[in-house]
Amino acid sequence: MSAAGIRETSASPGLAEYSDAAGAAATGPDLAAWRGGYGHGSVGYAFDNDSIHATEQHRCLAEMLDPITTARLSETGIGPGWRCLEVGAGGGSVAIWLAQRVAPTGTVFATDIKPTHIPQRPGLRVLAHDIVRDRLPEASFDLIHARLVLLHLPERRRVLRRLTEALRPGGWLQLDEFDISYGPPLAMPSEGARELYEAFLAAKARMFATAGADGSWGRQVPEAMRDAGLVDIDAAVRLQVWRAGSPGTRLLVHHTFHLRERLIDAGMTDRELEEVRAVMCDPQFMAVSCPIFSVQARRPPT
Ligand SMILES: C[S@@+](CC[C@H](N)C(=O)[O-])C[C@H]1O[C@@H](n2cnc3c(N)ncnc32)[C@H](O)[C@@H]1O
């Protein structure tokens, strides 16, 4: 790994390994602008793509959010030849959708600190890249998208400014983010179940705050985009009703496993985690999702 964190040797999961599907290694002048960095990274992304629970996390996020995300991305007019950046691509479902839309002449760069879950596809170039530490090419992209990444990063406003600079004049930025300060139960199997579910959400909020996340980031995005110099800001907000088996409910169940140690540190017990899992799997469970913000803006044309 280089000092900047971009993996470029074939000895470890390297840049050669994360090459585009046409077989060309993701090297060359294109990548010079990604090298070098700021030398100080983000303190505490709470999840881990190396966890055995990461695949379920990515599956739930894709099922729950891809229809919202891709409908919004379509509004930009994305099409063949566009050059896009998907930041913190996770399981890669949105990056793959973008690559299909820009084919056959466009390129999508999918980055992540741990990019091993992103599949190889034509037109998709996968990079190990830390959006806090590593450089970005300037004025390069027609479209940049990030979902549920900046929420976790204490440096989110600095990252937002860097994403803005990475857009070509007139280019689009779309951030899809949660506001986890809202998400009430609608119908619970019992009063005890309601209290337990609310205690679980509160512990999760405390845990994310400890890790450096900002649970209300979703509602701050439009103003933060304006402050970063973006224009034509447009926000869409969605709520879902979650029942047992809904992707959003399965995501919460997954949290009880993936975030177990952090939730215990935040005051939950293993017994309570087991019980709240049972509550969320009960056919009588019904809750409102947290608000899902999808905010678009453009870099001013020069
Ligand atoms: C909550 S997941 C969301 C994944 C995907 N965007 C989605 O919505 O399905 C956040 C992703 O951001 C990545 N990530 C966290 N910190 C990052 C950083 N500093 N630079 C790049 N990616 C990062 C994580 O590894 C993870 O894959």
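**View 1. Helices H7 and H9 are roughly antiparallel to each other.** Angles under 35 degrees count as roughly parallel, over 145 as roughly antiparallel, 65 to 115 as roughly perpendicular and the rest as oblique. This is a predicted model, in which local features need pLDDT of at least 70 and side-chain atom pairs count only at pLDDT 80 or more, while totals for chains, interfaces and linings use all residues. Residue numbers start from 1 along each chain as its sequence is written. The axes of H7 (residues 247–258) and H9 (residues 270–280) come within 10 Å and cross at roughly 170°; axes are lines fitted to C-alpha atoms, for helices over the stretch in contact, and angles run from 0 to 180 degrees between N-to-C directions. Helices (H or I, at least four residues) and strands (E, at least two) are DSSP runs, numbered from the N terminus. The crossing of H7 past H9 is left-handed, meaning that the near helix is turned anticlockwise from the far one by less than a right angle, clockwise being right-handed. On the H7 side the contact holds Thr249, Leu252, Val253 and Thr256, which meet Leu273, Val276, Arg277 and Met280 in H9. Contact requires C-beta atoms, placed from the backbone, within 7 Å. By class, the contact of H7 with H9 has five nonpolar, two polar and one charged residues. Ala, Val, Leu, Ile, Met, Phe, Trp, Tyr, Cys and Pro count as nonpolar, Asp, Glu, Lys and Arg as charged, and the others, Gly among them, as polar.

**View 2. Helix H5 meets H9 at a crossing angle of roughly 115°.** The axes of H5 (residues 191–210) and H9 come within 10 Å. H5 is therefore roughly perpendicular to H9. This crossing, too, is left-handed. Ala193, Leu196, Tyr197 and Phe200 in H5 meet Glu272, Glu275, Val276 and Val279 in H9. The residues of this contact divide into six nonpolar, no polar and two charged.

**View 3. Pro247 lies in helix H7.** Pro247 counts as partly exposed because it has 17 C-beta neighbours inside 10 Å; a residue is buried with 20 or more other C-beta atoms within 10 Å of its own, exposed with 12 or fewer, and partly exposed in between, C-beta atoms being placed from the backbone. Not counting residues up to four places away in sequence, Pro247 touches Cys60, Glu63 and Met64. Pro247 and Met64 are 183 residues apart in sequence, yet 5.3 Å apart in space, C-alpha to C-alpha.

**View 4. Strand E3 (residues 124–128) is mostly covered.** Five of its five residues are buried. Leu124, Val126 and Ala128 are on one side of E3, Arg125 and Leu127 on the other. In a regular strand the side chains alternate between the two faces of the sheet. Strand E2 (residues 107–112) runs parallel to E3 and is joined to it by five bridges; two strands pair if DSSP finds at least two bridges between them. Asp112 has Ala128 in E3 as its bridge partner.

**View 5. Three strands form an open antiparallel sheet in the order E6-E9-E8.** The edge strands, E6 (185–187) and E8 (241–243), each pair on one side only. Neighbouring strands of this sheet are turned by 30° against each other on average, direction ignored. Three bridges join E8 to E9 (residues 286–288), and Val241 has Val288 in E9 as its bridge partner.

Technical notes. Contact = placed C-beta atoms within 7 Å.
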